[in-house]
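These are my notebook entries on one structure.

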Amino acid sequence: MNNTNSNPTDEKVAIIGAGISGLSCGMLLSEFNTNFKVFESSEHIGGLARSFKWHGINCDLAPHRLFTKNEEILNELLELVPMEMKKRQSKMFIRGKIIRDPVNPFELLYKFNPLITFKLVFGFIFKRKYPETTFENLALNAFGRGLYEFFFKPYTEKLLGEKPENISMEWGRQKIRVSGLGDVFKRNTKIFFKGFYYPKKGGYGAIANTLYNKINDHVLLKTSVIGFEMDNKKITGVKYIENGQEKLYKCDRVISTIPSTILGKMLGKDFSFKYQPVKIVYLMVKKKNVTPYHWIYFGDKDVVINRLAEFKNFSDHDTPDDKSVLCAEVTCPTTDPVNDVLKAVYKYKLFKPEELGDTLLIDEKFGYPVYLKDFEQVKSKLNNEIGKIKNLHLVGRNAEFRHIDVDEGYASARSFIQKLKSKAGHKTITAKLNNNEDVLDNIITDNETIKNIV
Ligand SMILES: Cc1cc2nc3c(=O)[nH]c(=O)nc-3n(C[C@H](O)[C@H](O)[C@H](O)COP(=O)(O)OP(=O)(O)OC[C@H]3O[C@@H](n4cnc5c(N)ncnc54)[C@H](O)[C@@H]3O)c2cc1C
């Protein structure tokens, strides 16, 4: 590889961000005795996949669960953290009814009033074929206008803050993952899974904590990276703020796991990605349990909650008997998320106002990468610009701008570090990419990124 030191142990690597991706890169580099530092701006590790204890209950940053069809990655994660297989218990609340999650179009036909049923059936039978250019068209082709307007349109607008006609079809391919009604019976995908893994102890954050414990000497908390020292097209050092002082970490290579919009600003580049912020409202309820479900989706546009989870149902290890914690995700605009969430839970009679013990609000600016119609062009620009800096690499959800889960972030880190440390792997990919070496040196070796660049 162009700038790789021949002896890998001599190379100094700066990793920006101590979420799953940064910690995974660190742990994997440590197996090669590489000299590295992980810089984390906040006071905690784990990023979006962290957990914290509140009222004696492990709370995740919105519910997280592990489902992957990648056996190798699954086995590595299970070896890292003891986990249990859970049978999915989830529902959807919509128009005053409780229905199955994921949506089963056949159930809708007998659960709702004849007018709604007629619209669903009529919309499906007489559906037109639209060009597959947007999420809207993909959903209309798969389900017809009735079901699209009943569920997919309001839920997408609520979740992403965008009209479905402005969303790329790629989002549809990943999030609907069905091409027609028959496909809803194929129940073994990231959406249609029946069971999932969850750590026995410590919440989902146990994964990040285990990675951290293996490399904690290398991790600097409350340390924000603010820019780079450059020499021609190469980074020679990372500038960071620690205890209010600007410092420099001289290095040979940088792995960035932070949102690409922030990285772009450091490099004087504008990558016009949209990230949807998420407000996470935690409610401590003075009851042993509130629901029997892991999570409940709320399909109506006038209810601010997207999804409500109850952590005790994921793991009740060492939890108090007299309280439970619910967690609501809110992405639609509201000036008072806590009150709006409470209005919704009282409307659905989940518990009584006098049973509320405490509330907590966490605001995450980078909740969801929103796949707008032009996002693939912006991604190409990102890959091209980053590709010009030979020793800068992107790994992770918001860095790569991919709507991926923890298992995929770990897989991305793993395939990148393997590529970095294996000249053979490098040659194979070089051949595929036809001499595009500058770009190649910066990409992650997953198919999606390669496809985008080619
Ligand atoms: C609502 C929600 C639900 C989810 N559900 C699931 C699920 O069920 N299962 C699952 O597996 N995954 C789920 N995910 C996805 C999962 O959380 C992410 O894929 C994963 O946590 C991303 O890890 P990362 O390291 O790539 O990024 P991040 O977690 O974003 O880590 C980046 C880190 O960089 C730090 N940082 C930012 N700027 C700087 C700077 N200038 N200097 C230093 N540090 C900086 C941040 O503080 C952060 O810690 C969900 C995500 C969300 C938001």
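**Entry 1: the shell around the ligand**

I looked up which elements supply the shell around the ligand. At least two residues each come from α1 (20-30), β10 (223-231), β18 (356-370) and α11 (397-400). Helices (H or I, at least four residues) and strands (E, at least two) are DSSP runs, numbered from the N terminus. β10 gives the largest share of the shell, three residues.

I noted where all this comes from. The model is predicted: local features need pLDDT of at least 70, side-chain atom pairs count only at pLDDT 80 or more, and totals for chains, interfaces and linings use all residues. Residues are numbered from 1 along each chain as its sequence is written, and side-chain values use heavy atoms, with hydrogens and water left out.

Next I looked up the residues themselves. There are 32 residues around the ligand, and Ser 21, Glu 40, His 64, Arg 65 and Ile 404 come nearest. A residue is near a molecule if one of its heavy atoms lies within 4 Å of it. I sorted the shell by class and got 14 nonpolar, twelve polar and six charged residues. In this sorting Ala, Val, Leu, Ile, Met, Phe, Trp, Tyr, Cys and Pro count as nonpolar, Asp, Glu, Lys and Arg as charged, and the others, Gly among them, as polar.

Why does the ligand lie between domain 1 and domain 2? Domain 1 (8-48 + 205-274 + 372-453) and domain 2 (61-89 + 195-202 + 277-368) both give residues to the shell, so the ligand lies between them. The domain bounds come from an automatic or database domain assignment.

**Entry 2: polar atoms at the ligand**

I then looked up polar atoms at the ligand. A polar backbone atom of Ile 20 is 3.1 Å from an oxygen atom of the ligand. A polar backbone atom of Ser 41 is 3.1 Å from a nitrogen atom of the ligand. From Tyr 204, a polar side-chain atom lies 2.9 Å from an oxygen atom of the ligand. On its own the ligand has 1000 Å² of accessible area, and the protein covers 91% of that. Accessible areas come from the Shrake-Rupley method with a 1.4 Å probe; for residues, only the protein chains shown count as cover.

**Entry 3: salt bridges**

How many salt bridges does the structure hold? I found 21. A salt bridge is a side-chain nitrogen of Lys or Arg within 4 Å of a carboxyl oxygen of Asp or Glu.

I looked up Glu 157 and Lys 301, which form a salt bridge with their closest N and O atoms 2.9 Å apart. This pair links distant parts of the chain, 144 residues apart: Glu 157 is in helix α5 (residues 135-160), and Lys 301 is in the loop between β15 (295-298) and β16 (305-310). Glu 157 is buried, because its relative accessible area is 14%. Lys 301, at 52%, counts as exposed. Buried means under 20% relative accessible area, exposed over 50%, partly exposed in between (1.4 Å probe, protein chains only).

I also looked up Arg 402 and Glu 400, whose side chains meet in a salt bridge (2.9 Å, N to O). Both Arg 402 and Glu 400 are buried. Salt bridges that share partners join Glu 72, Glu 76 and Arg 414 into one network.

**Entry 4: positive phi**

Most residues other than glycine have a negative phi. I looked up two with a positive value. Arg 95 has a phi near 45° and is found in the loop between β6 (90-94) and β7 (97-100). Arg 95 is partly exposed, with a relative accessible area of 44%. Lys 349 has a phi of about 55° and lies in the loop between α9 (337-347) and β18. Lys 349 is exposed at 72% relative accessible area.

Is Thr 223 buried or exposed? Thr 223 is buried, with a relative accessible area of 0%. Thr 223 lies in strand β10, and its side chain reaches the backbone oxygen of Leu 221 at 2.7 Å.

Asp 101 lies in the loop between β7 and α3 (105-111) and counts as buried at 12% relative accessibility. Its side chain makes a polar contact with the side chain of Arg 88 (2.7 Å) and another with the side chain of Trp 295 (3.1 Å). A polar contact is a pair of N or O atoms within 3.5 Å; within protein, one must be able to donate a hydrogen and the other to accept it, and residues adjacent in sequence count only if both atoms are side-chain atoms.
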